[in-house]
Amino acid sequence: MVVTTASRPGTIAAPRERTGAPGVLLRDVRHAFGRHQALDGIDLSAGTGVLGLLGPNGAGKTTLLRALATVLKPSQGSIRLLGRDPRNNDEMRQIRRRLGYLPQQFGYYPNFTVFEFIEYFALLKEMPPGQVKAAVSLAIQRVGLEDRAKTRMKSLSGGMLRRAGIAQAIVNEPELLLLDEPTVGLDPEQRVLFRGLLREMGERATVFVSTHLVEDVAIACNEVAIMEAGAIVFRGNPVDLTDLGAVPGDGGGDSAIERGYGLVLASARKR
Amino acid sequence: MTTCTPIPFDPGVTEEDMHSLDVDLDHVWLGVTGALWSTPANRIERIAGSLLRSPALARALVTTPSLILSWILASAAVFVLGAIVAGATATPIVPLLAPAIAGVAVAFAYGAGADPTYEISRTMPTSARMILLLRVSVVFVTNAILGSLATAIVPGVADVTVLWLLPMVAISLLGLAGAVVTHSATIGGSASLAVWGVIVLAAQFRADHFSAAVSQSALQALAPVYLLITALSLGVTLWMSGDGAKRRELAGWL
């Protein structure tokens, strides 16, 4: 696996300092679906802050998030989450109480109201029953769905469904938050609000965000990792990536960070 | 001339008193909105919560896809229809229907393809296996009660009530195992229908009548097969629905 931490000497702004034990610690994690190697020797350590996962379709971002969400058991390698081993059932349960996860595609009970949908997951996350209603209210307010709290899920637009999905992920104030393409369907105003929420969550939690929107990473993330063919081919902060694409024409993007992203991918593919 | 002696202002409460009156208005507001937006749990959920001592499991139970009212009404209608046909033709339709209906209902109780929240539910600390077993048990019991009621009202076939429970258990668990292994409720339900169909067709070829599949002699003769299907399906379901550690350990031993 190739991990590029520093790209251009002298131009790297230090990532925000992380504190405490790593929220995520992966060692040589591999997983294959048939002949397709979805994860190919991932070594990764991440603490408090927001890490943006970029990469083309099929690069392994979703598979990596599903492994971190304890949904998928990798065929090889070790994972420690929040200082605990998910192979141990008791520790797995402790991890899951502190976990928030928004899958790329998530289902819902159409007749549930937004409040009931989020409340359902708050209960399944074993939150103290006395705290559930206030926590659900807070989550709804944080995603700006106050006026839809009593609306049935089947009546929501795509963007509102996504916001309800984000609300269920953050209802338990997770220490590890995993969001797979959370901004799909959000309007520009909601994306701006979401970035603020992301930064706020990143103050006290380890947050992984998979996205195709490079500008979201530039604005809301402390660090960025680029995946290609199941491996992490770049790790740094958004400024590193922007600096890589500082010269117009290289990489083929409209902005410096897009060009930087393109250059990293092109370089990884040559290898 | 009168002189006024200044009277020291006595606020009546000390600074400490004021601090003790501090109220977290945000918290109060969240409580108010929570009360306004939430919907009280229905009676069934409240009873389930008391019995299970878990509001999470109670909510997971009442959201079972194959326990929604329309599904139960449809199952009841099929059983009633079967009972009417059985009464008119003296054919044990209900025992023939019961395993198939229960098999499909159980396959659609939990899992990918049946439960829309399955992917997120798998990341919850509330045990997925516990939810699965709870839902399957209640779905099975509901179908067994419906089948028993339908059988009881048909004269002459009530004596086989207990005997058809065995194929119903086997076929239901087979459907469940199929759904869990393939992550598809449709495949699980189809598997249970297919196997039960083969058993019924075999009876038709052997005895020249479908009802031979649920005759006392056939049920007794096939009891070991049903028990084997039950045991294997249960084992596969428990193995596949766990959190993985034990599954890998077992795979290592094998």
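In what order do the strands of the open sheet of chain A stand, and with which pairing? Select the three strands: the order is β2-β1-β4, and the pairing is antiparallel. Strands are DSSP runs (E, at least two residues), as are helices (H or I, at least four), numbered from the N terminus; two strands pair if DSSP finds at least two bridges between them.

The model is predicted: local features need pLDDT of at least 70, side-chain atom pairs count only at pLDDT 80 or more, and totals for chains, interfaces and linings use all residues. Residues are numbered from 1 along each chain as its sequence is written, with chains lettered from A and ligands numbered from 1 in the order in which they are written.

**The sheet of chain A**

Colour β2 (36-46) and β4 (76-81) of chain A; these are the edge strands, each with a single partner, so one side of each has no neighbour in the sheet. Next, select β1 (residues 24-33), which pairs with β4(A) in the antiparallel sense over five bridges. A:Val24 has A:Leu81 of β4(A) as its bridge partner.

**Two helices within chain A**

Move to α3(A) and α5 (residues 158-170) of chain A, whose axes come within 8 Å and cross at roughly 30°. Axes are lines fitted to C-alpha atoms, for helices over the stretch in contact, and angles run from 0 to 180 degrees between N-to-C directions. The two helices are therefore roughly parallel (angles under 35 degrees; over 145 is roughly antiparallel, 65 to 115 roughly perpendicular, the rest oblique). Display A:Val114, A:Phe117, A:Ile118 and A:Phe121 of α3(A), which meet A:Ala164, A:Ala167 and A:Gln168 of α5(A).

**The interface with chain B**

Now show both chains: 37 residues of chain A are in contact with 27 residues of chain B. On the chain A side, α2 (89-97), β5 (99-102), α3 (114-124) and α4 (129-142) each give two or more residues. The most come from α3(A), with seven residues.

Finally, select α4(A) and helix α2 (residues 25-37) of chain B: their axes come within 8 Å and cross at roughly 95°. These helices are therefore roughly perpendicular to each other. Residues in this contact include A:Lys133, A:Val136 and A:Leu138 of α4(A), and B:His27, B:Leu30 and B:Trp37 of α2(B).

Methods: Contact = placed C-beta atoms within 7 Å.
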